[in-house]
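Please read the points below with the sequence and the model open.

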Amino acid sequence: MTRVYTSEATHREDGGDGRRGFWSRWSGDRFRGGFPGWSGPGKWRRGVVLAVAALLLGLAFFLHAEVPNAVGNLGSLWETFLPWGGLLIVVLLVGAVLRRSATALVALLLPTLMWVNLFGGPFNDKTGSGAGDLTVVTHNVNAGNADPRGTAEALVASGAEVIALEEVSPAKAAAYRAALDKTHRYHKLTGTVGIWSKYPMSETRAVDIKMGWPRAMRATVRTPEGDVAVYAAHLPSVRVQFRSGFTAGQRDGSARALGEAIARDPADNVILLGDLNGTMNDRALAPITSQMRSAQGAAGDGFGFSWPASFPMARIDQIMVKGADPVSAWTLPATASDHLPVAAKIDLAD
């Protein structure tokens with residue numbers, strides 16, 4: 001009788017089955033009155049520092065072009081790695097949750113919206129369906145490349161009609177010629193940059209970008225769809241140093257010189273291929289980016305990061321067009337270089 005009596009008592013207390021349900025145990029006992037630590041007015045008073053940091057981060061995204069370059073070119077450094085600023089949102093979000101701060105969570109809406117406004121587009125595949133009139137590839141092959149022939153053969157396998165190379169050392173030039181000349185019989189190597197084409201080239205010349213030795217060139221490529229001016233360029237490198245910050249003065253001067261040369265070009269179709277040592281967000285490249293469209297930005301899938309090849313963090317290798325229309329853009333598999341090759345299909349203007 002005692003066993004039956006206990007069962008009936010439990011039955012009456014627990015609603016009929018003798019077992020306490022999941023929602024009864026959790027919502028009834030543990031979370032009665034809300035999530036632990038999130039109830040009451042304290043959630044709005046905590047995390048003020050985190051909220052201020054979130055607001056400042058939002059302003060840094062919104063006003064990235066206004067971040068001064070006076071100290072160590074901080075503005076250009078911020079713009080170069082701007083997409084990675086989204087990681088700071090994640091850090092602040094974790095801090096807001098651990099701090100149980102509703103104020104910080106609300107403040108995080110600002111940088112989140114700013115980041116999505118700036119970089120939400122790359123998550124949409126903008127690749128067009130057309131075949132394109134011309135496929136182009138550019139690659140900084142690295143002067144110390146241990147496999148120049150294999151690198152060149154990988155670029156040929158992409159099917160590109162026009163290939164631009166940067167950082168071709170004199171010691172490796174013959175190897176690149178031997179691998180590329182078989183399929184791209186028209187070529188010109190000027191200094192450490194070169195253009196190889198399946199179509200005839202004319203008017204090839206060096207472009208002065210104020211470096212003292214040739215690191216940029218121009219050629220007219222005569223395609224079946226019409227002539228196109230092709231530039232290959234390798235702007236000076238930049239350095240991130242503790243004392244001097246983001247040293248990019250020579251790069252910035254070369255960008256201005258290259259932008260002026262492109263602005264004067266009378267061609268209806270202009271394509272720029274090269275390692276510009278800067279991203280499309282970097283204000284220092286404005287003399288170029290203000291008059292040209294990024295193939296990756298207009299018709300690419302994702303960010304298209306190209307450097308460093310082992311863990312790409314920025315797209316400093318660019319394909320830009322003026323007059324023509326990008327159809328698609330992508331990165332190629334890694335070679336023996338520290339950069340990834342980048343490619344694009346282009347529709348030429350009539």
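1. Buried means under 20% relative accessible area, exposed over 50%, and partly exposed in between (1.4 Å probe, protein chains only). Helices (H or I, at least four residues) are DSSP runs, numbered from the N terminus. This is a predicted model, in which local features need pLDDT of at least 70, side-chain atom pairs count only at pLDDT 80 or more, and totals for chains, interfaces and linings use all residues. Residues are numbered from 1 along each chain as its sequence is written, and side-chain values use heavy atoms, with hydrogens and water left out.

2. In helix 6, the buried residues are Gly86, Ile89, Leu92, Gly95 and Ala96. They lie on the same side of helix 6, because they cover an arc of only 165° around the axis (directions from the helix axis to the C-beta atoms). Leu87, Val91 and Leu98 are exposed on the other side of helix 6.

3. The cover over the buried residues of helix 6 includes helix 4, helix 7 (102–107) and helix 8 (109–119), where contact means heavy atoms within 4.5 Å. Just after helix 6, Arg100 has a positive phi of about 55°.

4. A nonpolar patch on the surface is formed by Val48, Val52, Leu55, Leu56, Leu59, Phe62, Leu63 and Leu110, with about 710 Å² of accessible area together. Patch residues have over 30% relative accessible area and no salt bridge, and nonpolar side chains (Val, Leu, Ile, Met, Phe, Trp, Tyr) are joined within 5 Å. A salt bridge is a side-chain nitrogen of Lys or Arg within 4 Å of a carboxyl oxygen of Asp or Glu. Areas come from the Shrake-Rupley method with a 1.4 Å probe.

5. Helix 4 (residues 48–62) gives the most to this nonpolar patch, with six residues. Leu63 sits in the loop between helix 4 and helix 5 (74–80); Leu63 counts as partly exposed because its relative accessibility is 38%.

How values were computed:
Patch = residues over 30% accessible without salt bridge, like charges linked within 9 Å, V, L, I, M, F, W, Y side chains within 5 Å. Helix = DSSP H or I, 4+ residues; strand = E, 2+ residues; numbered from the N terminus.
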